[in-house]
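Subject: Structure handover

Hi,

Here is the structure I promised to pass on to you. Have a look at it first, and then read on for my notes.

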Amino acid sequence: MSKQSDKTYAVDKTDEQWKAELSPAEYQVLRKAGTERPFSSSYETDPTVGVYACRACGAELFRSETKFDAHCGWPAFYQPLAEDRVEYIEDRSLFGGVRTEVRCATCGSHLGHVFEGEGFGTPTDQRYCINGVSLKLQADPK
């Protein structure tokens, strides 16, 4: 995703507005489909119980209970909170392959990719490999 689709989202801002609200690293990943360095996010191993929301718009995307240690360098989840929270885009940017990009369904921001059939012992056999910089953890009240 080098550019956003023509789809209209519930949260729809100009490029200038996104640049003003996001850090350069957040903007690069969320709005330009970049990828953060592996093992750079504390969310990969953070044990906090709560909801992971889109850093760009605040939409709730994943629960900590669906996070698992995939040893891949990024936070990994086996399912979103609900299927309507994310959208899927066929991504052919990887030379010689196809993968599925995951975006926030509320604002269209790039989150990461989802992979299937890797043999993880999860209920869905899916790995939502999500950039930590795309997320904001909201801890459950104690």
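The radius of gyration used here is taken over C-alpha atoms, and the globule rule is 2.2 Å times the number of residues to the power 0.38. With 142 residues, that rule puts a compact globule near 14 Å, and the protein chain agrees because its own radius of gyration is 14 Å.

Before the details, some housekeeping. This is a predicted model, in which local features need pLDDT of at least 70 and side-chain atom pairs count only at pLDDT 80 or more, while totals for chains, interfaces and linings use all residues. Residues are numbered from 1 along each chain as its sequence is written, and side-chain values use heavy atoms, with hydrogens and water left out.

**Overall picture**

Along the principal axes, the C-alpha atoms of the protein chain fill a box of roughly 45 × 40 × 30 Å. Of its 142 residues, 46% count as buried; buried means under 20% relative accessible area, exposed means over 50%, and partly exposed is in between, with a 1.4 Å probe and protein chains only. Taking the contacts (heavy atoms within 4.5 Å) with a separation of 6 or more, residues 24 or more positions apart account for 55% of them.

The secondary structure comes to 2 helices and 9 strands. Both kinds of element are DSSP runs numbered from the N terminus, with helices (H or I) having at least four residues and strands (E) at least two. Along the sequence, the pattern reads α-α-β-β-β-β-β-β-β-β-β.

**The two sheets**

Strands of a sheet pair through backbone hydrogen bonds, either parallel or antiparallel. For the pairings below, two strands pair if DSSP finds at least two bridges between them.

Starting from the strand 3 side, 2 bridges join strand 3 to strand 4, and Phe68 has Ala76 in strand 4 as its bridge partner.

Strand 7 (residues 110-116) is mostly covered, with 5 of its 7 residues buried. Strand 7 pairs with strand 6 (residues 99-104) in the antiparallel sense over 4 bridges, where Gly112 in strand 7 is the bridge partner of Val102. The hairpin of these two strands has 5 residues between them, and Gly108 there takes a positive phi near 80°. Strand 7 is also joined to strand 8 (residues 126-130) by 5 bridges, again antiparallel, and Val114 stands opposite Tyr128 in strand 8.

Another open sheet has 3 strands in the order 2-1-9, and its pairing is antiparallel. Its edge strands are strand 2 (60-63) and strand 9 (135-139), each pairing on one side only. Neighbouring strands of this sheet are turned by 30° against each other on average, direction ignored; the axes are lines fitted to C-alpha atoms (for helices over the stretch in contact), and angles run from 0 to 180 degrees between N-to-C directions. Strand 1 and strand 9 pair over 5 bridges, and Tyr52 has Leu137 in strand 9 as its bridge partner.

**Residues to look at**

What is the relative accessible area of Phe77? Phe77, found in strand 4 (residues 76-77), has a value of 0% and is therefore buried. Its contacts, not counting residues up to four places away in sequence, include Tyr52, Phe62, Phe68, Tyr128 and Leu135.

Glu36 sits in the loop between helix 2 (24-30) and strand 1 (50-54). Glu36 is buried yet has no salt bridge, and the nearest side chain of opposite charge, Arg55, is 8.0 Å away. A salt bridge here is a side-chain nitrogen of Lys or Arg within 4 Å of a carboxyl oxygen of Asp or Glu; Lys and Arg count as positive, Asp and Glu as negative, and His and the chain ends are not counted. Among the residues that Glu36 touches are Val29, Trp74, Pro75 and Asn131.

Finally, some backbone angles. Most residues other than glycine have a negative phi. Ala33, in the loop between helix 2 and strand 1, has a positive phi near 60°. Asp125, in the loop between strand 7 and strand 8, has a positive phi near 55°. Asp125 is partly exposed, because its relative accessible area is 30%.

Best wishes
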